[in-house]
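Q: Could you walk me through reading a model like this one, from a single residue up to the whole fold?

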Amino acid sequence: MELSKNQAALILSASEDGKITMDVESPDMNGLARAICHALAKKLMHDEQFQAELMEMLGDETGGQAN
């Protein structure tokens, strides 16, 4: 995937044991898009309520089978 200067990507990887890792990629390391992706990554890593909300949403989409 090639990103334009005004784009950024939050890349999530899931291992077979369920561990999630995150990377933020952007051609502009000081751009707004990268800053937003970085803020989202921090929220995902540190906000337990947000994590619980995401897992609940996943459970709803998979018929209650979220891990």
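This is a predicted model: local features need pLDDT of at least 70, side-chain atom pairs count only at pLDDT 80 or more; totals for chains, interfaces and linings use all residues.

Q: Where is Thr 21 found, and which residues does Thr 21 touch?

A: Thr 21 sits in strand 2; strands (E, at least two residues) and helices (H or I, at least four) are DSSP runs numbered from the N terminus. Leaving aside residues up to four places away in sequence, Thr 21 touches Ile 11, Leu 12 and Ser 13, a contact being heavy atoms within 4.5 Å. Ala 41 is 20 residues from Thr 21 along the chain, and their C-alpha atoms are 9.6 Å apart.

Q: How do I read empty space in a model?

A: Rolling a probe the size of a water molecule over the atoms shows where empty space is left. On a 1 Å grid over the protein atoms alone, using a 1.4 Å probe, a pocket is an open set of points with protein on both sides within 12 Å along at least five of seven lines, and lining residues have an atom within 4 Å of a point. Here the largest pocket holds about 450 Å³, a volume being the space filled by probe spheres set on the points, which are joined across faces, edges and corners. Twelve residues line the largest pocket, and Ile 20, Leu 44, Leu 54, Met 55 and Leu 58 are the closest to its centre.

Q: Which element gives the most to the lining of the largest pocket?

A: Helix 2 does, with five residues. Strand 2 (20–25), helix 1 (32–46) and helix 2 (48–61) each supply at least two residues of that lining.

Q: And what about the overall fold?

A: From the N terminus on, the elements run β-β-α-α. The radius of gyration is 14 Å, well over the 11 Å that the globule rule gives for 67 residues, so the protein is more spread out than a compact globule. That radius is taken over C-alpha atoms, and the rule is 2.2 Å times the number of residues to the power 0.38. Along its principal axes, the C-alpha trace spans about 40 × 25 × 20 Å. Buried residues make up 10% of the 67.

Note on methods: Residues are numbered from 1 along each chain as its sequence is written. Side-chain values use heavy atoms; hydrogens and water are left out. Buried means under 20% relative accessible area, exposed over 50%, partly exposed in between (1.4 Å probe, protein chains only).
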